[in-house]
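Biologist: I would like to go through helix packing and charge pairs in a model. Please give the general idea before each case.

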Amino acid sequence: MLFPRSLSVLAAASSSRSTVAAAAASTSSRFPAGLASRIALGAKSPRSAAAAASCRSFSSSSTSRSAIPSLHTFTEDEQMLRETVAKFADEVIKPKVHAMDEAELMDKSVIQGLFEQGLMGVEIPTDYNGAGANFTSAIIVVEELAKVDPSVSVCCDVQNTLVNTLFRQYGTPEQKEKYLTRLATDTVGSFCLSEAGSGSDAFALQTRAEKKGDYYVLNGSKMWITNSHEANIFLVFANVDPSKGYKGITCFIVDREMGVQIAKKEKKLGIRASSTCALTFDDVKVPASNVLGEIGKGYKYAIEILNEGRIGIAAQMLGLAQGAFDNALPYLFERKQFGSLIGDFQGLQHQYAQIATEIEATRLLTYNAARLKEAGKPFVMEAAMAKLYASQIAEKASAKAIEWVGGIGFTRDYPIEKFFRDSRIGAIYEGTSNIQLSTIAKLLKPRYAK
């Protein structure tokens, strides 16, 4: 278990970033004077020469420039994490990707490896056997896994950004001790919100929870539930009082042995190794002590956690786009036509240069949202933008990669067609692209409406 040791030291990353942020803030406080100097350069006045000198002094200050981090600034521990996950994905997951996709089943050894490497409990505190790392670390893990297999990536993403986070934020000490320890070491969790009649309109859910003494009885069904085939812990959203509408929605911790029925495993276009199942709850008795958070606050928890989860999906789509790109580009500099490498033809050069630029823009959007969330700043609009754009570029990059490689890229013996199939889900789950656009528009309006 090399990875948990390296991952555990990432807890120091927050303090490292605080130092960098403080330095950046110090530089920012000097910025207005430099800006004023530049503005003064355009004025014809005796002060212009002095202003020019001031501006030159500001612009040539290597100290002030180096104190402002870019979005590519990662701590040493975060960079080590990226390299370690990439190595694990290449050596352990990659040889199994094709077989898992064909079988539409996650290899048990891959799931075991995720736990052994500490990747299923990135933000879980070390007191509960987790890595105790930061949110950006979880996003790095999701991205790197997606470069090899988006199916494995989403399994890890749902565990970290949805299930674990809900327990960390709203669980009682007893719930954390019982469940976080398992989620960090050997147990897959599942987030159960969607139903046949409540997709984008999530709060139209019909699953009911009736209070009877010291327990609740759950009846209803869920659809499109990720990780449900492998999971043993389910976070189920049900309404305890339909007369209150969405304010009756409550989150319940349900163990599989309480009576969760896996009704149907969907056969999908993409991310086929990731299980997506329908669930049924028939008079499932859940102890009252298994309510997560407060009664009637489930709708609030779902909204908050999905905003965070969208950054995870953006990271998945980012990794997917990069994976397709990385698989296609070497071929362009191996294959020759008309006596030249096809990658040297200007028509292709412009295409892969464009895609490389768009992947980089996706990366910046994604990590900007992650850093904002981690810093406790508003991030909902940025998360929506990141997920929206990442899903678009994942589809575009993987489609172009197939075109660049030609016939072989269209076959299932080559990995690029799988990236394309996997990309289609990005515009659907954890909020469709239209939902992201509506969110962005809603948050933009107050800035401009009188």
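Biologist: Are α5 and α8 roughly parallel or roughly antiparallel to each other?

Modeller: First, the ground rules. The model is predicted, so local features need pLDDT of at least 70 and side-chain atom pairs count only at pLDDT 80 or more, while totals for chains, interfaces and linings use all residues. Residues are numbered from 1 along each chain as its sequence is written, and side-chain values use heavy atoms, with hydrogens and water left out. Two packed helices are described by the angle between their axes and the distance between the axes. Here helix α5 (residues 76-93) and helix α8 (residues 135-146) pack at about 30 degrees, and their axes are 9 Å apart. The two are therefore roughly parallel. Angles under 35 degrees count as roughly parallel, over 145 as roughly antiparallel, 65 to 115 as roughly perpendicular and the rest as oblique. Axes are lines fitted to C-alpha atoms, for helices over the stretch in contact, and angles run from 0 to 180 degrees between N-to-C directions. Helices are DSSP runs (H or I, at least four residues), numbered from the N terminus.

Biologist: Which residues of α5 and α8 make the contact?

Modeller: Contact means heavy atoms within 4.5 Å. On α5 the residues are E78, L81, R82, V85, A86, F88, A89 and I93; on α8 they are T136, S137, I140, V141, E143, E144 and L145. They divide into nine nonpolar, two polar and four charged. Ala, Val, Leu, Ile, Met, Phe, Trp, Tyr, Cys and Pro count as nonpolar, Asp, Glu, Lys and Arg as charged, and the others, Gly among them, as polar.

Biologist: With which residue does E144 form a salt bridge?

Modeller: Side chains of opposite charge can pair when their charged atoms come close. The rule for a salt bridge is a side-chain nitrogen of Lys or Arg within 4 Å of a carboxyl oxygen of Asp or Glu, and by it the count comes to 27. E144 pairs with R82, the closest N and O atoms being 2.7 Å apart.

Biologist: Are E144 and R82 buried or exposed?

Modeller: Both E144 and R82 are buried. Buried means under 20% relative accessible area, exposed over 50%, partly exposed in between (1.4 Å probe, protein chains only).

Biologist: Which residue meets E143 in a salt bridge?

Modeller: K147, at 3.8 Å from N to O. E143 counts as buried at 1%, whereas K147 is partly exposed at 21%. A network of salt bridges links R82, E143, E144, K147, E360 and R363.
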